[in-house]
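Look at the model below before reading on.

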Amino acid sequence: MVANMDTVGTFEMAKVMTKHAMFTAIQKHYSLEEWKLFAVDHPECLEHVAVSSGSGKDDLDRLTSILEAIPLIKYICLDVANGYSEHFVESVKTVHAKFPNHTIMVGNVVTGEMVEELILSGADIIKVGIGPGSVCTTRIKTGVGYPQLSAVIECADSAHGLKGHIISDGGCSCPGDVAKAFGAGADFVMLGGMFAGHDQCAGEVLEKNGKKMKLFYGMSSDTAMKKHVGGVAEYRASEGRTVEVPYRGDVETTILDILGGLRSTCTYVGAAKLKELSRRATFIRVTQQHSQVFS
């Protein structure tokens with residue numbers, strides 16, 4: 001699943017992901033007109049995208065206008081940096097009451113108790129991860145976070161007990177990490193950095209020291225806040241980096257690399273299908289994941 005970040009959660013990304021029955025959480029700053037155009041030109045993608053929204057009144061109005069204009073969209077992604085607030089729980093209840101037939105994914109949280117609270121409030125899929133993202137600085141700026149693998153294991157257990165699902169959001173840097181997230185019990189794995197730098201990402205290709213690069217930034221970064229709300233408010237700090245990632249061409253190559261790795265994972269552990277992976281996986285604590293002789 002592609003993360004709902006400015007640079008990667010694009011319509012262009014959704015077009016390619018849909019070919020592989022993979023999912024895109026579209027970033028929340030597209031206009032209603034842009035959504036309508038996308039829906040007319042690419043109706044086949046609408047089963048594989050979610051409309052992203054925050055928890056404010058303006059967010060709800062925008063979400064409502066898009067879903068009413070394009071009834072074929074069935075997925076909603078309610079995304080805030082901190083899912084631990086009564087206000088957010090109330091907004092989940094409001095959206096569920098307004099769109100009872102839509103699948104609602106919400107986050108981010110990292111504990112089983114909050115996963116249960118959100119599912120009982122009307123959410124179907126819970127986004128798990130605070131601090132693990134490649135361009136996230138929440139753990140540095142605030143000291144708050146939770147080890148991602150532990151969070152996935154604990155939250156999956158809580159969600160599945162209530163017939164809900166979870167998304168592991170953040171912390172993957174290679175196809176093996178994606179496999180581990182599924183092995184830990186995640187139903188979906190959301191990626192930002194692994195999908196950054198491709199043709200389908202927003203932004204121009206930059207030239208730096210003879211190398212091609214593209215910008216990638218966290219949604220709590222200075223860059224994102226200047227772009228969308230005029231800057232970082234005085235009462236808070238930026239919790240995201242802005243980085244230049246190597247230009248990587250067409251995302252199709254990366255998708256095939258991830259899918260190929262996952263298929264091979266399943267054969268190694270004896271899982272006939274991805275759904276079985278969590279029942280076949282055993283985790284062992286190590287100090288080094290792979291040989292770095294030639295890396």
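**Pockets and a helix end**

The second largest pocket has a volume of about 880 Å³. A pocket here is an open set of points on a 1 Å grid over the protein atoms alone, where a 1.4 Å probe fits, with protein on both sides within 12 Å along at least five of seven lines. The volume is the space filled by probe spheres set on the points, which are joined across faces, edges and corners. This is a predicted model, in which local features need pLDDT of at least 70 and side-chain atom pairs count only at pLDDT 80 or more, while totals for chains, interfaces and linings use all residues. Residues are numbered from 1 along each chain as its sequence is written, and side-chain values use heavy atoms, without hydrogens and water.

**Second largest pocket**
- Its lining (residues with an atom within 4 Å of a point) has 29 residues, and Leu-149, Lys-180, Phe-283, Ile-284 and Gln-289 lie nearest the centre.

**Largest pocket**
- The largest pocket has a volume of about 1400 Å³.
- Among its 50 lining residues, Asp-79, Val-80, Ala-81, Met-219 and Ser-220 are closest to the centre.
- The largest share of this lining, 4 residues, comes from α9.

**Lys-98**
- Lys-98 is found in helix α4, residues 86-98.
- Lys-98 is partly exposed, with a relative accessible area of 42% (buried is under 20%, exposed over 50%, partly exposed in between; 1.4 Å probe, protein chains only).
- The C-alpha atoms of Lys-98 and Thr-64 are separated by 8.8 Å.

Technical notes:
Helices (H or I, at least four residues) and strands (E, at least two) are DSSP runs, numbered from the N terminus.
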